[in-house]
Amino acid sequence: MSLRLSTVILPVRPWREGGRDQWVRAERLGFHTAYTYDHLSWRTFREGPWFGALPTLTAAATATERLRLGTLVTSPNFRHPVTLAKELISLDDISGGRITLGIGAGGDGFDATALGQEAWTPRERADRFAEFVPLLDRLLTEGAVTQQGTFYSAEEARTIPGCVQEPRLPFAVAGNGPRGLKLAARYGQAWVTTGDPKVFAQGTPEDSLEAIRGQLAKLDKACAEIGRDAAQMEKILLTGFTPERNTMLESVDAFVDFAGRHRELGFTEIAIHAPIPDSDFAADETVFEEIATEGLAQLG
């Protein structure tokens, strides 16, 4: 599989004050997909503007024509499969079948308690995710679903006409634990990783490559257990969370070196964040555009 370059646009700019322009630019620059985070608020951006992911993607779908769009990632923290499925079917229709759903178990950030609940333990997050994904799969592929679960249920939930993409829009499943990898193997058209958080702060780039190599080996095993060839599965690296942080955006050469090392591991898509001044995602806009238009060509 050839390597594709995508971008992540955080939903921090009002649509009429530069928000729309970012998505239009992403298409003009030739990115494969433009993703956004699906949170209610997130980390250092909590005190500023932060808009909803699905309405933002809907607006982006009407402002673009070819660019694929998606979330990295949606989680059960504040979503229910029934309502999410209805919104995704609508979004897939409006976009003409250009939506990818990045989906993960969620974390213990601000979303975890925003609805007034206690933060779930890692085990409970995994339990919920294991129920969330199969139900969402059914809702997006069947016209009517009834299912009683421990956490999520559906009673004659109608999702007609279904997705434009058949049999449903693709899932890009984020998960590095045994249960998350099994869900990725069974339900994912793609697998997503940010690398190993254990080596993010103190590790070296070489440590990170070795840790990711281990993740990929576990994905291979999870796929083999159900008779699936992991080599045929898309593999997405969301950058900014390895020891390099965003240094691969300092120059085209730096990006080519970073991308080449991860392509050798088997990644088919790399997602880089659109620059945001005065943040962890600050980067030179000119270099960012050069990477978008020249990076893959120089990679060869």
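The model is a predicted one, in which local features need pLDDT of at least 70, side-chain atom pairs count only at pLDDT 80 or more, and totals for chains, interfaces and linings use all residues. Residues are numbered from 1 along each chain as its sequence is written, and side-chain values use heavy atoms, with hydrogens and water left out.

**The whole chain**

Begin with the chain in a cartoon view, where the secondary structure comes to nine helices and 10 strands; these are DSSP runs numbered from the N terminus, with helices (H or I) of at least four residues and strands (E) of at least two. The radius of gyration is 19 Å, close to the 19 Å that the globule rule gives for 300 residues, so the chain is as compact as a globular protein of that length; the radius is taken over C-alpha atoms, and the rule is 2.2 Å times the number of residues to the power 0.38. Along the principal axes, the C-alpha atoms fill a box of roughly 55 × 45 × 35 Å.

Colouring by accessibility comes next: 53% of the 300 residues count as buried, meaning under 20% relative accessible area, whereas exposed means over 50% and partly exposed lies in between (1.4 Å probe, protein chains only). Among contacts (heavy atoms within 4.5 Å) between residues at least 6 apart in sequence, 74% join residues at least 24 apart.

**The aromatic cluster**

Select Tyr 37, Trp 42, Phe 45, Trp 50, Phe 200, Phe 241 and Phe 281, which form one aromatic cluster. Rings of Phe, Tyr and Trp (its six-membered ring) pair if their centres lie within 6.5 Å, and planes under 30 degrees apart count as stacked, over 60 as edge-to-face and the rest as tilted; by this rule the count comes to 12 aromatic pairs. Phe 45 and Trp 50 form a tilted pair, with 6.0 Å centre to centre and 50 degrees between the planes. Phe 45 counts as buried at 12% relative accessibility, and Trp 50 counts as buried at 12% as well.

Select residues 19-28 for helix 1, whose buried residues are Gly 19, Gln 22, Trp 23, Arg 25, Ala 26 and Glu 27. These pack against strand 1 (4-8), strand 2, helix 2, strand 3 (68-74) and helix 9. Helix 1 is followed by Gly 30, whose phi is positive, near 90 degrees.

**Helix 7**

Finish on Leu 209, found in helix 7, which counts as buried at 12% relative accessibility. Leaving aside neighbours within four places in sequence, Leu 209 is in contact with Arg 261, His 262 and Leu 265. Glu 210, also found in helix 7 (residues 205-225), counts as partly exposed at 48% relative accessibility. Glu 210 and Leu 265 are 55 residues apart in sequence and 9.6 Å apart in space, C-alpha to C-alpha.
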